[in-house]
Amino acid sequence: METNLELQQGTSMPRIGDTAPDFEALTTKGKIKFSDFAKDKWVVMFSHPADFTPVCTTELSGFATRKSEFDALNTELLGLSIDSIHSHMGWVQNVRENTGVYFDFPIIADIDMKVAKLYGMLQPNESETAAVRAVFFIDPSKKIRLIMYYPLNIGRNMDEILRVLEALQISDEHKVSMPLDWKKGDKVIVGPPKTLDELNARLADDSLEKVDFYLAKKHL
Ligand code: BEZ
């Protein structure tokens with residue numbers, strides 16, 4: 001188990017199941033303390049390598065244009081890059097002037113790399129100065145539930161980001177698992193039986209799509 005010092009130095013990385021490390025930071029929407037941010041909500045926290053760069057502009061525009069879908073999933077967006085607040089503000093204005101798209105969510109100005117190192121977003125063999133494209137899915141109890149990392153030159157997929165966010169929430173609500181390529185409306189996987197009585201009930205349940213007792217699906 002990593003120590004706080006390892007987390008701060010960036011020599012260790014938060015993992016699925018960990019409590020999201022706390023921090024204070026300056027953002028385009030003002031100062032935040034992460035433990036007080038988005039109370040009772042999910043957070044999708046993502047890093048981009050640099051302001052005023054092409055792939056990042058497409059990605060943050062994607063988050064901005066689909067923000068209402070994150071709102072509908074009780075989820076706050078939180079961006080980050082190793083840039084100053086002035087750079088962030090200039091870029092947000094520039095994109096709005098050029099395309100009409102407004103990045104209406106906080107973007108952390110992590111010029112001292114403090115948060116990037118804390119979250120393992122700075123991966124020196126990819127870049128020593130720019131954060132990789134990370135996405136952390138953090139639940140309302142501030143537990144990290146899923147992590148994505150993409151390199152500098154490959155943009156992320158917004159459908160996939162929304163798909164896994166919704167999958168996590170539905171999985172929590174119904175205590176089910178999601179099969180390959182699951183999307184909302186598809187059948188879900190029910191948990192395996194834990195006793196012989198449950199096994200017999202499973203075998204007798206004709207409402208389930210069953211491959212065998214250990215792989216059974218149903219519609220919610
Ligand atoms: C980009 O967003 O286009 C980009 C940023 C940093 C390195 C490579 C590409």
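This note goes through the structure point by point, from the whole protein to single residues.

1. **Ground rules.** This is a predicted model, in which local features need pLDDT of at least 70 and side-chain atom pairs count only at pLDDT 80 or more, while totals for chains, interfaces and linings use all residues. Residues are numbered from 1 along each chain as its sequence is written, and side-chain values use heavy atoms, with hydrogens and water left out.

2. **The protein as a whole.** The protein has seven helices and ten strands, where helices (H or I, at least four residues) and strands (E, at least two) are DSSP runs numbered from the N terminus. Its C-alpha trace spans about 65 × 45 × 35 Å along the principal axes. Of the 220 residues, 45% are buried; buried means under 20% relative accessible area, exposed means over 50%, and partly exposed lies in between (1.4 Å probe, protein chains only). The accessible surface comes to about 11,600 Å², and 52% of this belongs to carbon and sulfur atoms; such areas come from the Shrake-Rupley method with a 1.4 Å probe, and for residues only the protein chains shown count as cover. Among contacts (heavy atoms within 4.5 Å) between residues at least 6 apart in sequence, 65% join residues at least 24 apart.

3. Around the ligand stand Pro49, Thr53, Pro54, Val55, Cys56, Arg133 and Leu152, a residue being counted as near if one of its heavy atoms lies within 4 Å. Helix 2 (residues 54-65) gives the largest share of this shell, with three residues. By type, the shell divides into five nonpolar residues, one polar and one charged, where Ala, Val, Leu, Ile, Met, Phe, Trp, Tyr, Cys and Pro count as nonpolar, Asp, Glu, Lys and Arg as charged, and the others, Gly among them, as polar.

4. An oxygen atom of the ligand lies 2.8 Å from a polar backbone atom of valine 55, an oxygen atom of the ligand is 2.8 Å from a polar backbone atom of cysteine 56, and for proline 54 the distance from a ligand oxygen to a polar backbone atom is 3.3 Å. The protein covers 74% of the 260 Å² of accessible area that the ligand has on its own.

5. Three strands form an open, antiparallel sheet in the order 8-10-9; two strands are said to pair if DSSP finds at least two bridges between them. Strand 8 (188-189) and strand 9 (209-212) are at the edges with a single partner strand each, so one side of each is left without a neighbour in the sheet. Strand 8 pairs with strand 10 (residues 215-218) over two bridges in the antiparallel sense, and isoleucine 189 stands opposite lysine 217 in strand 10.

6. **Proline 179 beside that sheet.** Proline 179 sits in the loop between helix 6 (158-174) and strand 8, and its relative accessible area of 19% makes it buried. Leaving out residues up to four places away in sequence, proline 179 touches Lys187, Val188, Ile189 and Lys217. Proline 179 and lysine 217 are 38 residues apart in sequence, yet 9.0 Å apart in space from C-alpha to C-alpha.

7. **The hairpin.** Strand 6 (residues 133-138) and strand 7 (residues 144-150) pair in the antiparallel sense over six bridges, with phenylalanine 136 opposite isoleucine 147 in strand 7. Five residues lie between the two strands of this hairpin, and lysine 142 in the turn has a positive phi of about 70 degrees.

8. **Two further positive phi values.** Most residues other than glycine have a negative phi. Alanine 38, however, has a positive phi near 55 degrees; it lies in the loop between strand 2 (30-33) and strand 3 (42-47) and is buried, with a relative accessible area of 13%. Phenylalanine 52 also has a positive phi near 55 degrees, and its place is in the loop between strand 3 and helix 2, where phenylalanine 52 is partly exposed at 46% relative accessible area.

9. **Threonine 27.** Threonine 27 lies in strand 1 (residues 24-27) and is buried, with a relative accessible area of 3%. Its side chain reaches the backbone nitrogen of lysine 29 at 2.9 Å and the backbone oxygen of glycine 30 at 2.7 Å.

Conventions
Polar contact = N/O pair within 3.5 Å; in protein donor to acceptor, adjacent residues only side chain to side chain.
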